[in-house]
Amino acid sequence: MGEVFVITSGKGGVGKTTTTANIGTSLAMLGYRVVLVDADIGLRNLDVVMGLENRIVYDLVDVAHGRCRLRQALIRDRRFETLYLLPAAQTKDKNAISPEQMKALCEEIKKECDYLLVDCPAGIEQGFRNAVAGADRAIVVTTPEVAAVRDADRIIGLLEASEIRNPLLILNRIRPKMVRTGDMLDVDDVIEHLAIELLGIVPDDESIIVSTNRGEPAVLNSHSKAGEAYRNISRRIAGEEVPFMNLENGGGFMDRVRRLLGLRTS
Amino acid sequence: MEQEAVDAVSLRARKKKRGRRAKEQIDPQEDTALVESQDAKAEEGTSITAGSTERDEQEKDDIPVIRYTSVRQMRDDIISQEQTILVQRTIRSGQRIFYPGNVVVLGDVNPGGEVIAGGNIIVMGTFRGIAHAGALGNEDAIIAALQLEPSQLRIAGYITRAPEGDYASVYQPEIARVQDGIVIIEKYQPGYDIYHRADRKRGSING
Ligand SMILES: Nc1ncnc2c1ncn2[C@@H]1O[C@H](COP(=O)(O)OP(=O)(O)OP(=O)(O)O)[C@@H](O)[C@H]1O
Ligand SMILES: [Mg+2]
């Protein structure tokens with residue numbers, strides 16, 4: 001029996017889809033059976049990021065409405081044979097699927113995989129409720145911006161209300177230089193503020209843009225810093241203890257200690 | 001006691017002059033929360049009890065006991081006898097706590113989170129949200145936090161908001177209350193006399 005993770009954020013464009021694709025791919029690289037579900041109905045793009053766009057025949061909504069069997073809709077990845085994608089529909093109807101249908105679908109899929117990752121749409125409406133309906137755990141993605149952190153906080157509250165406890169945090173698009181010069185929210189501050197377990201810190205990295213456009217997740221590129229961060233995150237999900245990447249003071253845990261001692265650093 | 005009004009951006013709302021104090025709310029006759037006993041012999045108090053059952057044994061052991069006997073003592077030491085809830089969680093954006101009595105939060109209150117209490121609010125963490133103490137009209141209500149960085153504070157009908165722009169946050173417990181028609185924030189110190197009545201009537205602990 002697999003575990004269902006929903007990747008969510010509240011705010012749009014912070015890296016949910018990027019995160020889903022990269023974690024999914026690297027879990028498959030580790031040999032796990034992984035299914036990615038794109039719950040961003042109407043705005044699907046996980047298939048593009050995965051480079052599987054032109055293989056879509058059926059989608060999530062077709063499965064939920066019994067227009068095809070699950071096996072027919074699952075698309076096998078080009079690179080890893082234990083990695084599958086269930087694409088979102090392009091329909092404009094937000095109510096094309098209900099939380100109950102989504103839950104049933106997750107239950108069915110997780111019987112046959114190790115990890116099921118659900119790429120959640122932005123916002124807190126129907127799409128969010130659908131995406132979390134079948135989830136066992138949640139990964140909250142945020143960037144070091146006040147608005148993104150605020151939305152992440154809101155989402156964590158809503159996850160609690162949906163009985164999804166102990167969400168994990170990914171801090172995306174960290175720029176060590178800006179953190180150093182004090183132009184970006186401090187990693188420690190964000191973590192302290194959201195008060196949930198940190199799963200990983202992903203640097204802002206051009207290779208993400210390149211890889212997204214090519215349909216090749218960054219974890220496949222051994223030179224990509226962001227790819228390395230996502231590989232570490234996946235190993236943590238799989239239960240390994242992996243130390244946090246040193247992002248040049250980006251994760252300055254010393255800061256906190258100093259503050260506790262009453263010696264303000266800034 | 002020294003008063004440092006840290007927060008300058010205070011809006012004065014409705015009420016003209018602060019007159020009444022909470023003491024009217026404490027009726028010694030109807031007081032059931034406190035156990036009364038006949039004598040208040042406590043000398044340099046080191047132990048406080050609300051009950052009288054173990055009195056004799058304790059005094060035998062030479063432990064002076066502070067007993068809340070006189071109405072005056074009650075008024076000075078006990079700020080509120082309202083029902084109090086202890087909430088153990090982080091109050092996040094979009095979440096709101098409402099309680100007619102006092103609220104103690106063991107956690108942080110994040111921006112966009114709200115705590116509304118008929119009585120006092122105490123946050124054992126960082127307060128960054130909106131607090132409304134004395135929401136049912138009690139102007140003597142206070143708001144205290146280990147770190148007070150509120151987006152807005154309200155006490156009864158008085159509102160104050162955080163100063164605009166960056167300001168250095170202080171890593172120390174602070175307490176907000178209404179004084180002379182504005183909400184002021186000052187450093188909290190143990191043994192702090194919230195209403196600054198010491199000059200007027202508070203004497204030794206024995207009253
Ligand atoms: N670590 C990163 N470094 C650089 N660019 C990034 C990084 N993470 C994400 N991006 C870029 O940010 C944009 C948004 O990312 P993505 O589509 O993953 O966000 P999303 O949260 O899924 O958005 P939506 O809410 O629209 O679904 C993309 O162009 C992506 O390439
Ligand atoms: Mg997306």
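How many residues does the contact take from chain A and from chain B? It takes 13 residues from chain A and 13 residues from chain B. Contact here means heavy atoms within 4.5 Å.

Ground rules, quickly. This is a predicted model, where local features need pLDDT of at least 70, side-chain atom pairs count only at pLDDT 80 or more, and totals for chains, interfaces and linings use all residues. Residues are numbered from 1 along each chain as its sequence is written, chains are lettered from A and ligands numbered from 1 in the order in which they are written, and side-chain values use heavy atoms, with hydrogens and water left out.

Now the interface area. The size of an interface is often given as the accessible area lost when the parts come together. Chain A and chain B bury about 1100 Å² between them. Of that, 40% is on carbon and sulfur atoms. Buried area is the accessible area (1.4 Å probe) that two parts lose on being put together, summed over both. On the chain A side, Arg150(A), Asp153(A) and His193(A) lose the most area to chain B. Together they make up 41% of what that side buries.

Next, the polar side. Between the two chains we count 7 residue pairs in polar contact, both residues at pLDDT 80 or more. A polar contact is a pair of N or O atoms within 3.5 Å; within protein, one must be able to donate a hydrogen and the other to accept it, and residues adjacent in sequence count only if both atoms are side-chain atoms.

Which elements of chain A each supply at least two residues of the side that touches chain B? They are α7 (146–161) and α9 (187–194). Helices (H or I, at least four residues) and strands (E, at least two) are DSSP runs, numbered from the N terminus. α7(A) gives the most, with 6 residues. By class, this side of chain A divides into 4 nonpolar, 2 polar and 7 charged residues. Ala, Val, Leu, Ile, Met, Phe, Trp, Tyr, Cys and Pro count as nonpolar, Asp, Glu, Lys and Arg as charged, and the others, Gly among them, as polar.

On to salt bridges. A salt bridge is a side-chain nitrogen of Lys or Arg within 4 Å of a carboxyl oxygen of Asp or Glu.

Arg33(A) lies in the loop between α1 (16–29) and β2 (34–38), and Asp114(A) in the loop between α5 (99–110) and β5 (115–119), so the pair ties together parts 81 residues apart in sequence. Arg33(A) is partly exposed at 39% relative accessibility. Asp114(A) is partly exposed too, at 25%. The cut-offs: buried is under 20% relative accessible area, exposed over 50%, partly exposed in between (1.4 Å probe, protein chains only).

Back to the interface. Arg92(B) and Asp153(A) meet in a salt bridge at 2.9 Å, N to O. Buried or exposed, Arg92(B) and Asp153(A)? Both are buried. Asp153(A), Glu160(A), Arg89(B) and Arg92(B) are linked in a network of salt bridges.

Last, chain B. Its secondary structure comes to 2 helices and 14 strands. Of its 207 residues, 46% count as buried.
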